[in-house]
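I opened the notebook to go through this model one item at a time.

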Amino acid sequence: MPPKKRQYWLMKSEPDVYPFEALFEEPTGQTPWDSIRNYQARNFMRDTMKVGDGVLFYHSNAKPPGVAGLARIASKPYPDATQFDPDHPYFDAKSDPEDPRWIHVDVEAWDHLPRFVTLQELKDNPKLADMLVVQRGQRLSVQPVTAAEWREVLKMAGYKGKAAK
């Protein structure tokens, strides 16, 4: 069986909660993408993401929102420990440690972009008309990105580094 092709994702984080630059400050260079409490986003992490997949790290609830940098999926999926912590805001009393409801992956810093690409720029690019993040009402924090969309966003950012290969 041939190796699986790299897939691409857009993962949202609020810059006042966890900005892109924080990934580079992590001692291991990676962080758990925890506290996701949406079943569709969970299913992407659990069932579809693979180590090495590319991530457009997106700053949401920012002025302006947009793509801040590049990351990669750094681990296989595993249970999100925040679901079992009664002191955590994302505690889930109905989740069973024997059959955890919430799963996450680790994300690692990959590379900086020469420039931030705003949501408005994404919306204004006809080649990205079908990209989920530009769709009205699309609020999912983890969403797939096609290889063509990935390349177009990198082009818009003026990126020619290792993630473009």
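Pocket. I worked on a 1 Å grid over the protein atoms alone, where a pocket is an open set of points that fit a 1.4 Å probe, with protein on both sides within 12 Å along at least five of seven lines, and lining residues have an atom within 4 Å of a point. Grid points are joined across faces, edges and corners, and a volume is the space filled by probe spheres set on the points. By that count, the largest pocket holds about 980 Å³ of space. Of its 30 lining residues, I noted Lys12, Ser13, Glu14, Ser60 and Ser141 as the closest to the centre. E1, E2 and H3 are the elements that give two or more residues to this lining. I then sorted the lining of the largest pocket into 12 nonpolar, 11 polar and 7 charged residues. For that sorting, Ala, Val, Leu, Ile, Met, Phe, Trp, Tyr, Cys and Pro are nonpolar, Asp, Glu, Lys and Arg are charged, and the others, Gly among them, are polar.

Ground rules. This is a predicted model, in which local features need pLDDT of at least 70 and side-chain atom pairs count only at pLDDT 80 or more, while totals for chains, interfaces and linings use all residues. Residues are numbered from 1 along each chain as its sequence is written, and side-chain values use heavy atoms, with hydrogens and water left out.

Sheet. Elements are DSSP runs numbered from the N terminus: helices are H or I with at least four residues, strands are E with at least two. Two strands pair if DSSP finds at least two bridges between them. I read an open sheet of 6 strands with mixed pairing, in the order E2-E7-E4-E3-E1-E8. Strand E2 (30-32) and strand E8 (142-145) are at the edges with a single partner strand each, so one side of each has no neighbour in the sheet. On average, neighbouring strands here are turned by 40° against each other, direction ignored; axes are lines fitted to C-alpha atoms, for helices over the stretch in contact, and angles between N-to-C directions run from 0 to 180 degrees.

Pairings. I took E2 and E7 next, which pair in the antiparallel sense over 3 bridges. Glutamine 30 has glutamate 108 as its bridge partner in E7. Arginine 72 also has glutamate 108 as its bridge partner in E7, and E4 and E7 run antiparallel with 7 bridges. Leucine 70 stands opposite aspartate 111 in E7. E3 and E4 are antiparallel too, paired over 6 bridges, and valine 55 has alanine 71 as its bridge partner in E4. These two strands form a hairpin with 6 residues between them, and asparagine 61 in the turn has a positive phi of about 50°.

Contact means heavy atoms within 4.5 Å. Helix H2 (residues 39-48) lies across E1 and E8, at about 55° to E8. Helix H4 (residues 147-156) packs on the sheet and touches E1, E3, E4, E7 and E8, with its direction at about 55° to that of E7.

Burial. Buried means under 20% relative accessible area, exposed over 50%, and partly exposed in between (1.4 Å probe, protein chains only). Why is E4 largely enclosed by the rest of the structure? Because 7 of the 8 residues of E4 are buried. In H4 the buried residues are Glu149, Trp150, Glu152, Val153, Leu154 and Met156. Their cover includes E1, E3, E4, E7, helix H3 (119-124) and E8.

Single residues. Threonine 31, in strand E2, is buried at 11% relative accessible area. Beyond four places in sequence, threonine 31 contacts Tyr18, Leu23, Glu26, Val105, Asp106 and Val107. Lysine 123 lies in helix H3 and is partly exposed at 46%. Its C-alpha is 27 Å from that of glutamate 108, 15 residues away along the chain. Just after H4, glycine 158 has a positive phi of about 75°. Alanine 164 is in the segment after H4 and is partly exposed at 38%. Alanine 164 and lysine 5 are 159 residues apart in sequence, with 14 Å between their C-alpha atoms.
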